[in-house]
Amino acid sequence: TVIKSLHFTSLLILSDLSRTACGDPKAKPSYLIDKNLESAVKFIVRKFPAIETRNNNQQLAQLQKEKSEILKNLALYYFTFVDVMEFKDHVCELLNTIDACQVFFDITVNFDLTKNYLDLVVTYTNLMMLLSRIEERKAIIGLYNYAHEMTHGSSDREYPRLGQMIVDYENPLKKMMEEFVPHGKSLQDALVSLQMVYPRRNLSADQWRNAQLLSLISAPSTMLNPAQSDTMPCEYLSLDTMEKWIVFGFILCHAALNSDPAALSLWKLALQSSSCLCLFRDEVFHIHKSAEDLFVNIRGYNKRVNDIRECKESALSHAGSMHRERRKFLRSALKELATVLADQPGLLGPKALLFFSFILACFLRHIAELIFYMEELRAHVRKYGPVMQRYYVQYLSGFDAVVLNELVQNLSVCPEDESIIMSSFVNTMTSLSINANDDVFLRLADHRELGKMMNTIIFHTKMVDSLVEMLVETSDLSIFCFYSRAFEKMFQQCLELPSQSRYSISFPLLCTHFMSCTHELCPEEVNRSLSLCNMFLDEMAKQARNLITDICTEQCTLSDQLLPKHCAKTISQAVNKKSKKQTGKKGEPEREKPGVESMRKNRLLVTNLDKLHTALSELCFSINYVPNMMVWEHTFTPREYLTSHLEIRFTKSIVGMTMYNQATQEIAKPSELLTSVRAYMTVLQSIENYVQIDITRVFNNVLLQQTQHLDSHGEPTITSLYTNWYLETLLRQVSNGHIAYFPAMKAFVNLPTENELTFNAEEYSDISEMRSLSELLGPYGMKFLSESLMWHISSQVAELKKLVVDNVEVLTQMRTSFDKPDHMAALFKRLTCAVLKRMTIIGVILSFRSLAQEALRDVLSCHIPFLVSSVEDFKDHIPRETDMKVAMNVYELSSAAGLPCEIDPALVVALSSQKSENISPEEEYKIACLLMVFVAVSMPTLASNVMSQYSPAIEGHCNNIHCLAKAINQIAAALFTIHKGSIEDRLKEFLLASSSLLKIGQETDKTTTRNRESVYLLLDMIVQESPFLTMDLLESCFPYVLLRNAYHFTFIFITLCVPLTYLPN
């Protein structure tokens, strides 16, 4: 028991030592690669194990300084070799004891004893071979012993035996062949007993197919009959394990090959089946070359050498095809078995032996599909374990106990002690019940028939107590932990083939096996299994994400074909067909109409979209196969990987679909982007048909981030891109006079200019586009857009205040001289008049914001009509005596819903941030009052501008001065709310100041009065726009007859007599 518990640890340490001390230069002890110590190390290796330290001080002098460090750092390596030596001593002692006791070995009778004996021999052989593969073993042991002798005055007490062992096992197999001469009889008996098992298990795929192995439905009448065998434990022995026993066993007792035909037959069959064996983890043993090198130097073994060469040729030419055909058979057979057991899990009871015996057939002879079916069968055993346990509890008590009792009663010779033991077995099995949780432990006897029955009983008890251990024993594939490159390559090949991608989940599932092979002495292996599982799931999610992206691209293309802009050519062709006009070139291919791609004349016709959907469904089956998996106390959820990748790709795709080009300032129309986003979302919603993920969570996370200035990764969003484009491109061109706001169309329209713009403003600013923009950005994004617009307004207001400060004395005098026209005219000439241009820019920005707010209101009214109506009702019923702070909170709520407010809360916030520390509130209030006076007295100058002509068709002016109405009202309301003044009084004062417009009616210069009627109309627009002014108040300052005449002139005279050549076609 001690030897069995220690052998894995010894193998593990030696394997790790061979990698660190020999393989990886970075992990080598520094003393082995130090150039200063190179000559000393070579001397020690050359003289090993007898190192004369006294007469070679010059060569070993460098080691004197490092002796304490050498003792400290090489102790772990040195005592590992000592442990191996002690392990060898225990094995030799045990083998001698077995021979002295003349233990009988037969795998078909005393299975456990024979199996453990053969495992011990193979483990011992592997250990000594690994020892011989450590190239630096002599240097490590010699350096440690030299440092020990220099420190303590004598060699380590284990060194002589250890050094001799290293020398003796330079060629381990040759040495062990000599060692096993006394043990040849026991080893030969154990190996020859495999002749009843190994040839029967090592069959070709055709023989398996003819025997209908693994098929439960080939003989329906016997489906419920339990699978039985005289050698039940042998049925789930791994072929690789038996081949190791045979190859290494007959190398050690090679004399049996010349004396026993059965031994020679087993030997040849094993050599023909494979060309190499796994020693431990990633250490391999090349069978034919090693055996030939050993036997070629033994006299009289020419026939065996020839046999080896023939078997080598047979293995190279036939073994590969044999394993390939086996895999083909197993692929269909395991699929059938998994399907049947999924439908009828009760069959796991009677057919358990069938399952456990052939699940090992794909061990190391695998493809992804085989691994997948194996994992599916393992899952069935775990899920329906209680069913199997119930079945075998009844089987043990109802059948096995009866048969065992009969065998015990018929024993011709049975000593009293054995009789008591066997009777106890029978009584224990008979007393088993369905509800019993008793662990059953049984022993074997020396009687052959009884032994076979006891083997059967042991298998049945394992079905009750040790299902998990049986799964590990028969279907563990943890060996892949040490072949990570090959494992990753298989995974990539599986992922690249659409027909195999549904089985890709088997690779991360295999990472759960790695817990059974890693060890606490090698913590880096834990990280390796975790990183592999993470990498596999990440790659699967990436592949699914790429397929989904391709499908979304195809769907966006199809959705784009349905856009209104593509129907113009169809309408044109229909019109020309009616008028019998010929358009287009002859032979020009006719454009396909949307929907043609859905018309199929042949079911075999497969489009690219069909292939993508097929590949996606296969891969999503794999991702959705298990909800989660545990690897080293870490839970991996495949669906979360897909969700994470979809969020990242959806975010990038939305931003990418804007097609924003910073150099040319090009960007997609909001309506087109909305169409593409909806097509994208439709595809993503269909993913829920393949995988159980919450796609709504993806939408919420991504779309909410797009309503902010930056996303969670600090990247720009569509909110920031569109805000930047509308401010820096569209509104800047409005300021430059290339675009005008047409109130009648509720859109910005390009004006004819020498340099045509690269975009059509109407296609980005009409009501449908603004609604699309509101759908995309949402209330949060539109609020950010408003805040950015208000920032620009606040900068313009700051410049206006500077103009007021520069002209403060003149404006102060004008404020008290409204009733003195001549004095006002003289004072006006002293003003630097640039105020109206900036006010017009403010009006344009506010007009654009008004469009955005109206679109937002329309969108929210569709989505949340009851909430919007409640907010609107709340806003409309604010009492006039309500505190301004409370009113502003209501206005802020209303503004967020897109409702117009008497006082714009966003503008109030923006202008409030401009308060200067050096100017008193009284001065700020005075500047605000003078600003309104400045604007009012400057309005007559607009009459001289050619572009100030009012057009009834657009209900405005082509130089955007009609936007002054909104600017004056909004700025006045915001400024006097901040300074706690009376908005009505200040606007009344504005009307009094604007009465200077009456002066231009007395002007005789046609240049300065060419558009006076159009300018008169501004006063009416201001009053109509203002919630604080009335027409009665306007009548008291400005005669209404002038407004009536102005409307009559513009609607009749201008429309009929003056062609507006500057209006767009």
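# Aromatic pairs and one asparagine in a predicted model

Trainee: How many helices and strands does the protein have?
Mentor: The protein has 45 helices and eight strands. Helices (H or I, at least four residues) and strands (E, at least two) are DSSP runs, numbered from the N terminus.

Trainee: What should I know about the model itself?
Mentor: It is a predicted model: local features need pLDDT of at least 70, side-chain atom pairs count only at pLDDT 80 or more, and totals for chains, interfaces and linings use all residues. Residues are numbered from 1 along each chain as its sequence is written, and side-chain values use heavy atoms, with hydrogens and water left out.

Trainee: What is the mean pLDDT?
Mentor: The mean is 82, and 88% of the residues reach 70 or more. pLDDT is the predictor's confidence in each residue, from 0 to 100.

Trainee: Where does pLDDT stay under 50?
Mentor: Residues 1–8 are one such stretch, with twelve contacts beyond four places in sequence. Residues 436–446 also stay under 50, and there the model has 21 such contacts. Contact means heavy atoms within 4.5 Å.

Trainee: How much of the protein is buried?
Mentor: Buried residues make up 51% of the 1065. Buried means under 20% relative accessible area, exposed over 50%, partly exposed in between (1.4 Å probe, protein chains only).

Trainee: And contacts along the chain, what share joins residues at least 24 apart?
Mentor: 77%, among contacts between residues at least 6 apart in sequence.

Trainee: Switching to rings. How many aromatic pairs are there?
Mentor: A search of the whole structure finds 36. Rings of Phe, Tyr and Trp (its six-membered ring) pair if their centres lie within 6.5 Å; planes under 30 degrees apart count as stacked, over 60 as edge-to-face and the rest as tilted. One of the pairs is phenylalanine 372 with phenylalanine 621, which is tilted: 5.9 Å centre to centre, 55 degrees between the planes.

Trainee: Is phenylalanine 372 buried or exposed?
Mentor: Buried, at 2% relative accessible area. Phenylalanine 621 counts as partly exposed, at 31%.

Trainee: What about phenylalanine 487 and phenylalanine 536?
Mentor: They form an edge-to-face pair, 5.1 Å centre to centre with 90 degrees between the planes. The pair links distant parts of the chain: phenylalanine 487 is in helix H23 (residues 484–496), phenylalanine 536 in helix H25 (residues 524–561), 49 residues apart. Both are buried.

Trainee: Back to phenylalanine 621. Which charged end sits over its ring?
Mentor: That of arginine 502, 3.9 Å from the ring centre. The criterion: NZ of Lys or CZ of Arg within 6 Å of the ring centre and within 35 degrees of the ring normal.

Trainee: Which residues do ring pairs link into a cluster?
Mentor: Tyr722, Trp725, Tyr726, Tyr741, Phe748, Phe759, Tyr764 and Phe848.

Trainee: Now asparagine 750. Where is it found?
Mentor: Asparagine 750 is in strand E6 (residues 747–750). Asparagine 750 is buried, with a relative accessible area of 14%.

Trainee: What does its side chain reach?
Mentor: The backbone oxygen of phenylalanine 759, at 2.9 Å. A polar atom of the asparagine 750 side chain also lies 2.8 Å from the backbone nitrogen of alanine 761.

Trainee: Last one, valine 167. What is it in contact with, neighbours within four places aside?
Mentor: Phe48 and Pro49. Valine 167 is found in helix H6 (residues 159–168).

Conventions:
A polar contact is a pair of N or O atoms within 3.5 Å; within protein, one must be able to donate a hydrogen and the other to accept it, and residues adjacent in sequence count only if both atoms are side-chain atoms.
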